[in-house]
Amino acid sequence: MIMLIKYLLFILLVLFMTGAAVYSLSSRRASDPLERGRRRSIMNVLLGAMLVNLSLMSMFLFRGSTISVIVEALFLVLGAFNIFSGLRSYGYYSRSRRGRKA
């Protein structure tokens, strides 16, 4: 069961990393500033999910020394903050885009 969780977390890590790279490239190529901001906010959510995933992976892969627990907690808090700020900015850019079309 632990091996299944490890493989699932690795697959999720690859998916989050690929998605963040795709949205990073597409945000750089977007000409509309609102669309660029919306894509960067999605990228921010994916990077936060990747950090949370990394902390979960380190919890399952390594023994619980003091240093690793501190790093896991740091990744978890930083990832949660990235997810929160990305969702917040996504809402802002979505409302701005909707208001501009009306």
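The questions and answers below concern a predicted model. Local features need pLDDT of at least 70 and side-chain atom pairs count only at pLDDT 80 or more, while totals for chains, interfaces and linings use all residues. Residues are numbered from 1 along each chain as its sequence is written, and side-chain values use heavy atoms, with hydrogens and water left out.

Q: What makes the pattern of the protein α-α-α?
A: The protein has three helices and zero strands. Helices are DSSP runs of H or I with at least four residues, strands are runs of E with at least two, and both are numbered from the N terminus. Read along the sequence, this gives α-α-α.

Q: Why does Glu 35 count as buried?
A: Buried means under 20% relative accessible area, exposed means over 50%, and partly exposed lies in between (1.4 Å probe, protein chains only). Glu 35 has 10% relative accessibility, so Glu 35 counts as buried. Glu 35 lies in helix α2, residues 33-61.

Q: With which residues is Glu 35 in contact, leaving aside its neighbours within four places in sequence?
A: Those residues are Ala 30 and Arg 97. Contact means heavy atoms within 4.5 Å.

Q: Why does Phe 10 count as partly exposed?
A: Phe 10 has 47% relative accessibility, so Phe 10 counts as partly exposed. Phe 10 lies in helix α1, residues 2-29.

Q: How many aromatic pairs does a search of the whole structure find?
A: The search finds one. Tyr 92 and Tyr 93 form this pair, with 5.3 Å centre to centre and 70° between the planes, and the pair is edge-to-face. Rings of Phe, Tyr and Trp (its six-membered ring) pair if their centres lie within 6.5 Å; planes under 30 degrees apart are stacked, over 60 edge-to-face, and the rest tilted.
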